[in-house]
Amino acid sequence: LSLCSKNILATLFPPSNPGRFANATLVRLADFLSTGYKKGVRPVKDWRTSTIVAIDLMVYSILNVDEKNQVLTTYVWYRQSWTDEFLVWNPEDFDEVKQVSLPTANVWVPDILINEFVDVGKSPDIPYVYVTHEGLVQNYKPIQVVTACTLNIYNFPFDVQKCSLTFQSWLHTIDDINITLMRSPEKLRDDKSVFMNQGEWELLHILSNYKIFSVDNDDYYAEMKFHVVIRRRPLFYTVNLLLPSVFLMVMDIVGFFLPPDSGERVSFKITLLLGYSVFLIIVSDTLPATAIGTPLIGVYFVVCMALLVISLTETVLIVRLVHKQDLQPPVPHWVKYLILERAPVLFCIHKKHRFCARLSSQASELDPQCSLHHTCEIGQRLSQQDRESGMLGLRLAPSRDNTPPVMDNILQEVMAIRHFLEKRDRCREIAKEWLQVGYVLDVLLFRVYLVAVIAYSITLGTLWSVWQVA
């Protein structure tokens with residue numbers, strides 16, 4: 001070319017400045033590795049060679065466990081490495097550089113995904129991978145994983161959940177891409193070095209399982225499944241759910257020590273029942289809800305409510321039994337035999353004489369027909385003296401011929417007082433017997449109720465203790 005043509009070409013296409021990257025070893029290495037590289041082709045020289053991808057998983061945090069939607073949100077550190085046979089160089093030719101970072105978009109990356117993905121997680125973008133001079137590519141990145149998980153809430157709040165993260169190539173068969181662990185299963189199981197141990201859930205361990213499966217018995221795929229086992233910390237729910245319920249049940253048992261012949265026990269137990277209803281309304285939002293089951297603690301609350309209703313019903317029956325005995329017939333003989341004779345012996349129930357001692361003060365309240373205020377007491381003493389002397393024990397009235405009219409009226413009045421006192425004594429005896437029956441039944445039902453509550457509490461406590469240890 002002529003000198004003029006060379007000047008024109010030099011003006012249009014100025015030569016690059018070789019001094020700018022003269023000592024840039026990494027630039028020379030990047031140009032060397034990118035020359036002729038095809039990132040869309042699996043990086044093996046022999047197509048029959050399978051690319052082995054080693055993966056590793058470390059759980060950093062448990063972000064959310066959605067029992068209703070059966071979704072687990074975790075933040076994990078995911079690592080994978082494989083050998084790229086086209087990214088190999090001699091360190092002596094590049095100032096002993098044995099490792100370099102390259103853009104992820106410029107190298108081949110295996111299409112390994114998580115099968116349980118149900119939503120796109122918010123993960124930071126890591127645009128680089130490390131490549132060693134032997135062709136080992138290391139792709140490390142954090143991922144926020146939103147996966148579907150079968151959550152069993154029956155043991156809430158002592159539940160242990162086991163969720164799976166399945167890594168596999170979506171397209172390549174095992175002849176092209178195979179999967180292995182980067183570390184041993186034992187080290188992977190007990191590694192909690194990066195886990196944030198401050199939330200509601202505690203990481204127990206991570207189990208791994210390698211599997212080869214086929215969809216149509218023709219192409220086989222490799223998968224690596226990680227089982228993330230987590231356990232809920234129950235302290236918060238124990239303090240805010242279980243203890244208030246236990247306190248209310250204890251107060252219901254204490255209410256049995258109120259006298260059964262007073263109305264205070266009924267109002268006390270109604271107040272407890274209303275308080276427990278308000279408590280259930282408050283804690284209903286705290287309990288996890290699913291369409292496939294109910295937690296055992298929900299059944300526990302319902303049974304406690306049923307026990308409170310049974311306790312109130314028993315109290316109403318006993319109060320009805322020991323009040324207004326004058327309107328009731330005498331105690332049947334079979335009731336006397338079973339309740340007043342056999343039951344105290346079999347169940348070691350001591351008879352309460354305090355009911356009998358209070359009859360004199362309660363008779364006026366129990367039976368208006370059997371009350372004569374102070375006259376009743378005077379008449380009772382008079383009737384007793386007359387019965388002892390025998391003066392008024394005659395059933396036949398004296399002859400009216402020899403009796404003055406005044407004495408006849410006095411005898412009639414005395415006979416009326418005697419009949420009244422006899423009727424009053426019969427009312428008192430009936431009242432005394434019904435009070436005895438009510439007391440024995442109250443003690444018997446209280447013991448049955450106490451045994452039921454204790455057995456129910458021991459059963460649930462044992463189950464929850466076993467689940468917590470497991």
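**Confidence and local features**

Tutor: The model is a predicted one. The mean pLDDT of the protein chain is 79, and 74% of its residues reach 70 or more.

Student: Where do the buried residues of α5 lie, seen down the axis of the helix?

Tutor: Helix α5 spans residues 264-283 and reaches 29 Å from its first C-alpha to its last, close to the 28 Å expected. Its buried residues include Arg265, Leu272, Tyr276 and Val283. Seen down the axis, the buried residues of α5 fall within an arc of 145 degrees, so they line one face of the helix.

Student: At which residue does the kink in α4 lie?

Tutor: Helix α4 covers residues 235-254 and reaches 27 Å from first to last C-alpha, close to the 28 Å expected for its 20 residues. Among its buried residues are Tyr237, Leu241 and Met249. The kink, of about 30 degrees, comes shortly before the proline Pro244, at Leu242.

Student: Is the disulfide of Cys149 and Cys163 left-handed or right-handed?

Tutor: The count of disulfides comes to one, and this bond joins Cys149 to Cys163 with an S to S distance of 1.9 Å. The pair links distant parts of the chain, for Cys149 is in the loop between β7 and β8 while Cys163 is in strand β8, 14 residues apart. Both cysteines, Cys149 and Cys163, are buried. The torsion about their S-S bond is about -85 degrees, so the disulfide is left-handed.

Student: Is the peptide bond from Phe156 to Pro157 cis or trans?

Tutor: Most peptide bonds are trans. Pro157 is found in the loop between β7 (136-148) and β8. For the bond from Phe156 to Pro157, omega is near 0 degrees, and the bond is cis.

Student: Is Asp95 buried or exposed?

Tutor: Asp95 is found in the loop between β2 (71-83) and β3 (99-103). Its phi is near 55 degrees, a positive value in a residue other than glycine. The cut-off for exposed is over 50% relative accessible area. At 55% relative accessibility, Asp95 therefore counts as exposed.

Student: What is the relative accessibility of Glu96?

Tutor: Glu96 is also found in the loop between β2 and β3, and its phi is near 60 degrees, a positive value in a residue other than glycine. Glu96 counts as partly exposed, with a relative accessibility of 49%.

Student: Which residues is Thr173 in contact with, leaving aside its neighbours within four places in sequence?

Tutor: Thr173 is found in the loop between β8 (160-169) and β9 (177-181). With a relative accessible area of 14%, Thr173 is buried. Leaving aside neighbours within four places in sequence, the contacts of Thr173 are Asp219, Tyr220 and Tyr221.

Technical notes: Residues numbered from 1 in each chain as written. Predicted model: local features only at pLDDT ≥ 70, side-chain atom pairs only at ≥ 80, totals over all residues. Heavy atoms only, no water. pLDDT = per-residue confidence, 0-100. Helix = DSSP H or I, 4+ residues; strand = E, 2+ residues; numbered from the N terminus. Expected span 1.5 Å × (residues − 1). Buried < 20%, exposed > 50% of the residue type's maximum accessible area, 1.4 Å probe, protein only. Arc of directions from axis to C-beta. Contact = heavy atoms within 4.5 Å. Bend = angle between axes of the 7 residues up to and from the residue. Disulfide = S-S within 2.5 Å.
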